[in-house]
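Visitor: I am new to this structure and should like to understand the terms used for it. May I put some questions to you?

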Amino acid sequence: MLSLHDLNYCFQLKQLKIGIFKIKMDYFYAYSIFLICFTPIIGTIVAKLFLYAAKKHISLIIRPMKCNVCCNPLHLAEKIPLFSYILMKGRCKHCGKLRTPIYFFSELSSLLAFITILSISKSLIFSHLILFYSMALFLIGLSIHDILTKRLPDLATLPFLLLGLSQSYWLHNIDFQDSMFGAVTGGLMTALIATVYKKLRGNIGIGWGDVKLISAFGAWIGWQLLPLFILFSSVSGILFILLRFIAVRRSNINEQIPFGPFLCISGWIIWLQTIC
Ligand SMILES: [Zn+2]
């Protein structure tokens with residue numbers, strides 16, 4: 001039988017545990033909010049690096065941010081990541097012309113990627129948080145490169161493929177055989193489609209960079225999720241073309257659009273499912 005004294009002690013202990021848990025959760029939320037606020041700034045840095053890389057003159061020197069149309073330096077309010085683009089409606093204060101949406105795309109993607117990582121896993125360890133977020137940043141950069149140059153360089157896709165094949169040894173989320181079969185099937189299948197399309201239509205339907213990226217994602221997600229990945233990427237790409245056509249009537253519906261960003265978004269989201 002528990003005495004009144006014992007019950008009182010148990011109650012105090014429970015309160016203490018709740019108190020410690022609350023402090024831990026408060027720290028968790030405080031860190032999360034701090035990191036969430038920081039992610040658009042990281043997005044700006046990624047955009048800046050890949051913009052310079054795409055223009056073939058990489059410079060790590062921090063220069064004042066300028067309008068990409070009139071080259072006038074931006075005011076402090078125009079430099080605030082994410083919000084400045086929304087507040088200014090994407091236009092420069094000096095010339096009134098549309099500014100490049102690349103920074104906004106990168107800042108928003110960086111923020112959404114981080115929130116997605118925090119929301120999908122309740123017991124996320126710090127090293128995994130860094131790994132998942134780094135992968136998202138790499139894919140954001142790769143998408144920017146594809147948007148600007150319509151190319152996915154081997155220097156990025158091939159190491160990404162090798163890293164995907166090796167993940168079964170250090171992340172243990174999928175089997176090596178599934179990973180290898182995913183890479184081979186994804187690569188061969190899209191290479192065949194790309195070749196047949198070019199023979200029939202005479203123009204490029206799927207670039208070789210896309211083929212290598214699909215093969216790399218095949219390694220990351222395994223062959224079982226490959227059809228879902230192809231479906232998601234294709235549907236999101238088609239939806240984007242239709243929305244763009246509705247929004248900008250002048251746009252040509254047959255105009256080639258970079259497929260890399262759709263592959264990156266779909267591949268990354270599906271890969272996260274293999275971790276949870
Ligand atoms: Zn301007």
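This is a predicted model: local features need pLDDT of at least 70, side-chain atom pairs count only at pLDDT 80 or more; totals for chains, interfaces and linings use all residues.

Visitor: What is the phi of His172?

Guide: The phi of His172 is near 55°, a positive value in a residue other than glycine. Most residues other than glycine have a negative phi.

Visitor: Where is Lys89 found, and why is Lys89 called exposed?

Guide: Lys89 lies in the loop between α3 (83-87) and α4 (102-120). Lys89 has 8 other C-beta atoms within 10 Å, and the limit is 12 or fewer, so Lys89 is exposed. Lys89 is not a glycine, yet its phi is positive, about 55°.

Visitor: How do you know that the buried residues of α9 line one face of the helix?

Guide: Leu226, Phe229 and Ser233 are buried in α9. Seen down the axis of α9, the buried residues fall within an arc of 65°, so they line one face. The face turned away from that buried side carries exposed residues, including Pro227, Leu231 and Val235. The buried residues of α9 are covered by elements including α7 (176-201), α8 and α10.

Visitor: How do you know that the span of α10 agrees with its number of residues?

Guide: The 16 residues of α10 should span 22 Å at 1.5 Å a residue; the end C-alpha atoms are 23 Å apart, which agrees. The buried residues of α10, among them Trp268 and Trp271, pack against α5 (126-149), α8 (208-221) and α9 (226-247).

Conventions: Residues are numbered from 1 along each chain as its sequence is written. Helices (H or I, at least four residues) and strands (E, at least two) are DSSP runs, numbered from the N terminus. The expected span of a helix is 1.5 Å times one less than its number of residues. A residue is buried if 20 or more other C-beta atoms lie within 10 Å of its own, exposed if 12 or fewer, and partly exposed in between; C-beta atoms are placed from the backbone. Two residues are in contact if their C-beta atoms, placed from the backbone, lie within 7 Å. The arc is that of the directions from the helix axis to the C-beta atoms.
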